[in-house]
Amino acid sequence: MNKIYFIIGSQDLYGDETLMQAQKDGNEMAEFLDLKIGARVEALPIVRNGEEALWCIEKANTDKECIGVICWMHTFSPAKMWIKALKILNKPMLHLHTQYNEKLPYDSIDMDFMNLNQSAHGDREFGFICTRLGIKREVVVGYYKNEEVIKELSRFTDVARAIAFSKKLKVAMFGNNMRDVAVTDGDRVESEIKYGWNVNYYGIGDLVKLIEGVSDSEVEAKMAEYEAKYTFATKNIDAVKEQAKYEVALEKFMAEKSIGAFTDTFEDLNGLSQLPGLSVQNIMARGIGFGPEGDYKTSALSAVLFEMAKGRNGATGFSEDYTYDLTFGQEVELAAHMLEVSPVFADNKPEIQVHPLGIGGKSDPARLVFDGIEGEGIAVCMIDMGNRFRLICAEISLIKAIKEMPNLPVARLMWKLKPDFKTGAKAWIYAGGAHHAVVSTALSVDDIRIFAKFTDTELIVIDNDTNIRELEQQLNILDKLS
Ligand code: MN
């Protein structure tokens with residue numbers, strides 16, 4: 001079970017009685033927050049000096065179940081005692097600027113009360129040393145039982161859990177990056193250093209061997225799963241069975257190697273008769289990351305963001321910018337892919353259809369066809385700027401398909417850009433945004449902001465406040481600084 005340590009700051013000065021009270025208050029607060037914020041919350045012994053601060057942080061750093069820490073100064077806590085501890089902290093930190101008491105006891109307040117309950121004082125001292133040391137942290141302000149505060153704490157937990165997941169994520173690339181494509185490529189050494197993604201190439205032959213070994217009963221079990229979830233709108237059952245084989249083989253491959261995300265490419269399908277479509281779509285819906293055409297960054301990012309969104313309402317998965325309706329003033333984007341759009345976005349029960357594919361020179365692949373859900377969401381992509389990674393996060397409004405598209409045999413999403421079509425598309429292109437993105441109606445810009453902060457990644461946000469002149473200035477400054 002994921003755990004967050006609740007670290008209560010104080011000092012020796014106040015005497016045992018005050019310190020015991022501070023510990024008791026802290027324990028009670030941790031107990032209140034326990035499980036309410038999506039993780040176990042455990043109070044550590046109150047911190048009175050540098051040695052104790054170091055002990056707490058070392059414990060958090062080495063505890064495999066610990067995904068992050070919450071720090072709070074109940075009293076004043078001279079911050080030089082935190083320097084050595086903070087310098088080695090390797091888990092995300094939330095600085096909770098709160099109080100044990102919600103209201104001031106105007107009638108009874110005295111100096112004893114003030115000395116015990118002085119986080120307005122102590123948290124500023126702690127904040128200074130974090131800023132001075134350049135410690136990335138999320139600051140949350142307000143009474144700890146307040147609903148908004150709990151929501152912010154839960155958001156931190158979700159991001160911290162996703163970062164812990166990211167550090168262990170293994171990505172398989174079947175085949176390499178699509179020939180000559182720039183934006184899907186990247187520095188795999190750097191992304192392992194920064195995000196923990198262990199990305200490795202595997203020959204498609206390794207998978208083909210597994211596919212050939214898939215038994216009839218395994219195929220039947222997978223077909224039963226498809227029948228339960230999807231509508232068969234094809235008579236070409238053999239084509240569907242072929243995808244079932246691919247999926248069983250992919251599952252075996254990934255389970256054996258503890259792989260959580262993968263890529264493939266239509267340029268390297270030796271031994272496969274179809275491009276994996278339905279199989280990949282069905283796998284994606286379970287949170288396995290996927291990036292087509294060797295796009296390992298999107299693949300890993302989709303797995304990480306799926307993990308971040310766990311437990312929330314909404315859908316998270318891969319999509320691709322494809323084409324537009326440019327009717328002036330009513331511009332909308334149609335997002336899809338050749339085959340692999342995640343069925344988590346389906347507004348209706350997806351249909352399994354089999355159609356020819358214009359590229360790749362393979363047999364007609366089975367795929368899921370559906371219209372997308374509506375709702376507010378974000379599109380997120382990661383690009384490699386050569387000397388750094390950049391995340392681009394745009395707020396979008398997913399909408400119902402404006403009209404039926406009976407001749408388009410792929411899953412499709414439609415959305416509107418913010419603040420308006422021209423500005424949104426311009427901003428994405430100026431920022432260098434890819435045509436592949438992870439789309440989510442479960443996550444918000446704030447989730448991505450916190451993830452970017454703790455992974456020290458540059459972030460460009462495109463939302464209703466985006467202004468092209470300011471964005472260009474921001475991009476120029478970022479280029480000059482790096
Ligand atoms: Mn693509």
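Leu35 sits in the loop that joins helix H1 (16–33) to strand E2 (40–43); helices (H or I, at least four residues) and strands (E, at least two) are DSSP runs, numbered from the N terminus. The model is a predicted one, in which local features need pLDDT of at least 70 and side-chain atom pairs count only at pLDDT 80 or more, while totals for chains, interfaces and linings use all residues. Residues are numbered from 1 along each chain as its sequence is written, and side-chain values use heavy atoms, with hydrogens and water left out.

Let us begin with the backbone. Most residues other than glycine have a negative phi, and most peptide bonds are trans. Leu35 has a positive phi of about 70° although it is not a glycine. Leu35 is partly exposed, with a relative accessible area of 48%; here buried means under 20% relative accessible area, exposed over 50%, and partly exposed in between (1.4 Å probe, protein chains only). Asp180 also has a positive phi, near 75°, and is found in the loop between strand E6 (170–174) and helix H7 (188–195). With a relative accessible area of 82%, Asp180 is exposed. The peptide bond from Lys418 to Pro419 is cis, with omega near 0°, and Pro419 lies in the loop between strand E17 (413–417) and helix H13 (421–430).

The metal site comes next. Glu293 (OE), Glu320 (OE), His337 (NE2) and His436 (NE2) coordinate the manganese ion at 1.9 to 2.4 Å. Donors are N, O and S atoms within 2.8 Å of the metal (3.2 Å for Na, K and Ca), and sites may look incomplete because water is not among the atoms. Along the chain, the donors of the manganese ion follow the spacing E-x26-E-x16-H-x98-H. Glu320 lies in strand E11 (residues 316–325) and His337 in the loop between strand E12 (332–336) and strand E13 (351–354), so this pair ties together parts that are 17 residues apart in sequence. Glu320 and His337 are both buried.

Helix packing can be followed in H12 and H14. Two packed helices are described by the angle between their axes and the distance between the axes. The axes of H12 (residues 296–308) and H14 (residues 445–454) come within 12 Å and cross at roughly 115°; axes are lines fitted to C-alpha atoms, for helices over the stretch in contact, and angles run from 0 to 180 degrees between N-to-C directions. The contact (heavy atoms within 4.5 Å) is made by Leu301, Val304, Leu305 and Met308 of H12 together with Asp447, Ile448 and Phe451 of H14. Seven of the 10 residues of H14 are buried, so this helix is largely enclosed by the rest of the structure.

Aromatic rings complete the picture. Rings of Phe, Tyr and Trp (its six-membered ring) pair if their centres lie within 6.5 Å; planes under 30 degrees apart count as stacked, over 60 as edge-to-face and the rest as tilted. By this rule the count comes to 15 aromatic pairs. The rings of Phe174 and Phe262 have centres 6.3 Å apart and planes at 70°, so their pair is edge-to-face. This pair links distant parts of the chain, with Phe174 in strand E6 and Phe262 in strand E9 (residues 261–264), 88 residues apart. Phe174 and Phe262 are buried. Ring pairs also link Phe174, Tyr202, Phe253, Phe262, Phe290 and Phe318 into a cluster.
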